[in-house]
Amino acid sequence: MSVLLIAGSPSAPSRSSALLEAVAHRLAQRRVGVQRLPVRELEAQALLHGDFGSASARQAVERVARARALVIATPVYKAAYSGVLKAFLDLLPQTALKGKTVLPLATGGSPHHMLALDYALRPVLQALAARHILPGVYATDAQVALAPEGAYQVHPDLAPRLDDAVDALVEGLGPPLPHGFAAVPFAQVRCSV
Ligand SMILES: Cc1cc2nc3c(=O)[nH]c(=O)nc-3n(C[C@H](O)[C@H](O)[C@H](O)COP(=O)(O)O)c2cc1C
């Protein structure tokens, strides 16, 4: 079991994928194994037709099932996450994220849509039964700039937020919580009213 990195941009090179790679780098430093799933490389017809039975869709669903945790990166498109990411999430079974920790990442042209992770992506992850959705990391295009050699580079200003996010993710890789809550003896019950 490893962490599955899902790149939700239709573009390459991609700023949101660069942010994802910054997380991958930090996970590697912590000796956490990662796998990559760029949604743009899935069979287009499977995505467009919602073809659950296609080999491409079944393999991707299986990879999600095997992952202990996911990092999902998306560009902001029209104040939400990308359409190709939605097409992929629609192929997943209803409880595909059960028991899993998810770290959402996004890049956008300006800070104005930084809440898209919370109002657009988070409810979908919740509907897919994610156990724990970590606070997301949002970066503007100015913070993920194109370097002269043609690759996107994440600005050092983002380092503390990425470090915190990866620390929380690694913490979430611990053993799954037991089902339900342990009974609390009545004598220990506290009430604040
Ligand atoms: C079709 C389209 C719609 C976009 N809509 C928004 C938007 O609503 N808000 C925003 O902040 N940026 C918007 N952007 C800018 C992208 O979110 C931004 O450039 C992002 O970093 C691209 O990530 P990528 O390189 O991983 O695809 C849009 C870009 C495109 C191509």
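**Overall make-up**

Author: The chain exposes about 10,700 Å², and carbon and sulfur atoms supply 58% of it. Accessible areas come from the Shrake-Rupley method with a 1.4 Å probe, and for residues only the protein chains shown count as cover.

Reader: What should I know about the source and the numbering?

Author: This is a predicted model, in which local features need pLDDT of at least 70 and side-chain atom pairs count only at pLDDT 80 or more, while totals for chains, interfaces and linings use all residues. Residues are numbered from 1 along each chain as its sequence is written, and side-chain values use heavy atoms, with hydrogens and water left out.

Reader: Which elements does the secondary structure come to?

Author: Six helices and eight strands. From the N terminus on, they run β-α-β-α-α-β-α-β-α-β-β-β-β-α. Helices (H or I, at least four residues) and strands (E, at least two) are DSSP runs, numbered from the N terminus.

Reader: And what share of the residues count as buried?

Author: 42% of the 193 residues in the chain. Buried means under 20% relative accessible area, exposed over 50%, and partly exposed in between (1.4 Å probe, protein chains only).

Reader: What about contacts between residues 24 or more positions apart?

Author: Such pairs account for 81% of the contacts in the chain with a separation of 6 or more. Contact means heavy atoms within 4.5 Å.

Reader: On to the ligand. Which residues come nearest?

Author: Ser9, Ser14, Ser16, Val76 and Asp141, of the 17 residues around the ligand. A residue is near a molecule or strand if one of its heavy atoms lies within 4 Å of it. H1 and E4 each supply at least two residues of that shell.

Reader: Which polar atoms lie by the ligand's oxygen and nitrogen atoms?

Author: A polar backbone atom of Arg15 is 2.7 Å from an oxygen atom of the ligand. For Ser16, a polar side-chain atom lies 2.5 Å from an oxygen atom of the ligand. A nitrogen atom of the ligand has a polar side-chain atom of His113 at 2.7 Å. Taken alone the ligand exposes 650 Å², and the protein buries 74% of that.

Reader: What counts as a polar contact here?

Author: A pair of N or O atoms within 3.5 Å; within protein, one must be able to donate a hydrogen and the other to accept it, and residues adjacent in sequence count only if both atoms are side-chain atoms.

Reader: Thr74 next. Buried or exposed?

Author: Thr74 is buried, with a relative accessible area of 2%. Thr74 lies in strand E3, and its side chain reaches the backbone nitrogen of Ser82 at 3.0 Å. Not counting residues up to four places away in sequence, Thr74 touches residues including Gly8, Ser16, Tyr81, Leu105 and Leu117.

Reader: Switching to helices. Which residues of H5 are buried?

Author: Ala116, Leu117, Ala120, Leu121, Val124 and Leu125. They cover an arc of only 115° around the axis, which puts them on the same side of H5. The arc is that of the directions from the helix axis to the C-beta atoms. The buried residues of H5 pack against E3, H4, E4, strand E5 (132-133) and E6.

Reader: Why would residues a few places apart point the same way?

Author: An α-helix has 3.6 residues a turn, so residues three or four places apart point the same way.

Reader: And H6, which residues are buried there and which are exposed?

Author: Leu162, Ala165, Val166 and Leu169 are buried in H6. Their arc is only 95° around the axis, which puts them on the same side of H6. On the other side of H6, Asp164 and Glu171 are exposed. Among the elements that the buried residues of H6 pack against are strand E1 (3-7), helix H1 (15-29) and strand E8 (152-154).

Reader: Last topic, the backbone. Where is the cis peptide bond?

Author: Between Ala12 and Pro13, with omega about 0°. Pro13 has its place in the loop between E1 and H1.

Reader: Which residues have a positive phi without being glycine?

Author: Arg31 is one of them, with phi near 60°, and Ala79 is another, at about 65°. Arg31 is exposed, with a relative accessible area of 78%, while Ala79 is partly exposed at 24%. The loop between H1 and strand E2 (34-38) holds Arg31, and the loop between E3 and helix H4 (83-89) holds Ala79.
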